[in-house]
Amino acid sequence: GHPRPPRAPPPPPHTPAARVLWGTGTSTMSSGGGSSDSDESWISWFCRHTGHGFFASVDRAYVEDSFNLYGLRDQVPQYSKALNVILDKTTHDDSGSSEISKAAGHLYGLIHARYILTSHGLEAMRAKFVVHDFGECPREFCHGQAVLPMGLSNEPNTEVVKLYCPRCKDVYSVSYPNTYLDGAYFGPTFPHLFLMTYEDLVPPPPDQRYVPRLFGFKIGRGGGASGGGGASTAEARPAPAAAGAPTAAASAGASAAAASSGVAAAGATGVGTSIGVQVELGPLEDDDTRRERRRAEHAVEAEPSRPAAKRPPEAGAAPNGEASAPAPGTKRPRGGAATAGHATG
């Protein structure tokens, strides 16, 4: 019963040439020159497009310095024409082929990888990092930590761009629309140089980690469950071991012994056979009580044994261990054999 809205008028038969965007498969219309705004440079036009949000705007003076472009001529087809497009010396219509636009985008990406390692480039990326332009870490316990783009290789066409989290120090995949950016346009050095330059932006490590549990019991490395009936699935990281604390090897040995006793007890009573796990029997303890009890047991096992008391020397024995001369009135053994510690006559 509702009237249909009027249909949009068809496009005019003669439209301006479409400017093909590199690496995205989309296009935008441009009339006459290189962009919709006659005052906008190619670099600004390129960086503001969807899917290019990770790029910083490279200074024109940096691109014009041939020293900064050394070695790129052999990596980019139609290098001279692509460079002229970046520097706005040639419009897209003058180039006559979309391959020039793709080559210009590829050349800009390689220049960008070098530029963000300079002081001006790091400052440009810092401005994007503090406002979370690169996204946030998907890890739950990083609490929305801002991430940095990086590449796993300096070689083009090897890996797409990745995200590095400075809190958990791990690498993650990117989401659309940045999934088509080449990782070589950022490189593996950038995130670490960035964090070394801006130490005030380095976050503390995560204070929580996920602890898998099965029916309230922690799941050990071997697949079995250990004691502790807490319901929480996240625990704070333990504090560093103090001086004199048992070594990791002693703790591992004690844990293995405790696990073995738990397995034996579970097998004797039939506990855990239906679900395929072994559970330590006995009263339930919270994590802090169990940790203190095990630390006390390890300290007793690691206590060095006392040295054995020295036995008093036997009668007639010299302090240095040599045989002493026979007491007066003692007869020497016959046969001409020399006694120990005395030369023969």
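This is a predicted model: local features need pLDDT of at least 70, side-chain atom pairs count only at pLDDT 80 or more; totals for chains, interfaces and linings use all residues.

Trainee: What makes Trp42 and Tyr108 an aromatic pair, and which kind of pair is it?

Mentor: Their ring centres lie 5.9 Å apart, with 65° between the planes. Rings pair if their centres lie within 6.5 Å, and planes over 60 degrees apart count as edge-to-face. Trp42 and Tyr108 therefore form an edge-to-face aromatic pair.

Trainee: Which parts of the chain does this pair link?

Mentor: Trp42 belongs to helix 1 (residues 42-47) and Tyr108 to helix 5 (residues 98-115). The two residues are 66 residues apart, and the pair links distant parts of the chain.

Trainee: Why is the pair of Phe54 and Phe134 called edge-to-face?

Mentor: The angle between the planes is 75°, and the centres are 5.6 Å apart. Since the cut-offs are over 60 degrees for the angle and within 6.5 Å for the centres, the pair is edge-to-face. Phe54 is in the loop between helix 1 and helix 2 (60-64), while Phe134 is in the loop between helix 6 (119-129) and strand 3 (148-150), 80 residues apart.

Trainee: How do you know that Phe54 is buried?

Mentor: Its relative accessible area is 3%, and buried means under 20%. Phe54 is therefore buried. Phe134 also has a relative accessible area of 3%, so the conclusion for Phe134 is again that it is buried.

Trainee: How many aromatic pairs does the whole structure contain, and which residues do ring pairs link into a cluster?

Mentor: A search of the whole structure finds 14 aromatic pairs. Ring pairs join Trp42, Trp45, Phe46, Phe54, Phe55, Tyr108, Phe134, Tyr185 and Phe186 into a cluster.

Trainee: Why is Phe186 called buried?

Mentor: Phe186 has a relative accessible area of 2%. The limit is under 20%, so Phe186 counts as buried. Phe186 is found in the loop between strand 5 (170-173) and helix 7 (190-197).

Trainee: Which residues are in contact with Phe186, leaving aside its neighbours within four places in sequence?

Mentor: Among them are Phe54, Phe55, His112, Met125, Pro149 and Leu181. The C-alpha atoms of Phe186 and Phe54 are separated by 9.1 Å, although these residues are 132 residues apart along the chain.

Trainee: What place does Phe186 have in the largest nonpolar core?

Mentor: That core has 53 residues, and Phe186 is one of those with the most contacts inside it, together with Trp42, Leu107, Tyr108 and Phe194. Helix 5 gives the most to this core, with eight residues. In soluble globular proteins, nonpolar side chains tend to be buried together.

Trainee: What makes the charged end of Arg126 count as sitting over the ring of Tyr198?

Mentor: The charged end of Arg126 is 5.5 Å from the centre of the ring of Tyr198. The distance cut-off is within 6 Å, and the charge must also be within 35 degrees of the ring normal. The charged end of Arg126 is reported as sitting over this ring.

Trainee: Is Gln78 buried, exposed or partly exposed, and how do you know?

Mentor: Gln78 has a relative accessible area of 40%. Buried means under 20% and exposed over 50%, so Gln78 is partly exposed. Gln78 lies in the loop between helix 2 and helix 3, and has a positive phi of about 55° although it is not a glycine.

Trainee: Why does Asp88 receive the label partly exposed?

Mentor: The relative accessible area of Asp88 is 39%, which lies between the limits of 20% and 50%, so Asp88 is partly exposed. Asp88 has a positive phi of about 60° without being a glycine, and its place is in the loop between helix 3 and helix 4 (92-95).

Trainee: How do you know that strand 4 and strand 5 pair, and in which sense?

Mentor: Strand 4 and strand 5 have four bridges, whereas at least two are needed. The strands therefore pair, in the antiparallel sense. Ser173 in strand 5 is the bridge partner of Lys162. The hairpin of these strands has four residues between them, and Lys169 takes a positive phi near 55° there.

Note on methods: Residues are numbered from 1 along each chain as its sequence is written. Side-chain values use heavy atoms; hydrogens and water are left out. Buried means under 20% relative accessible area, exposed over 50%, partly exposed in between (1.4 Å probe, protein chains only). Contact means heavy atoms within 4.5 Å. Rings of Phe, Tyr and Trp (its six-membered ring) pair if their centres lie within 6.5 Å; planes under 30 degrees apart count as stacked, over 60 as edge-to-face and the rest as tilted. A nonpolar core is a set of buried Ala, Val, Leu, Ile, Met, Phe, Trp, Tyr and Cys residues joined through side-chain atoms within 4.5 Å.
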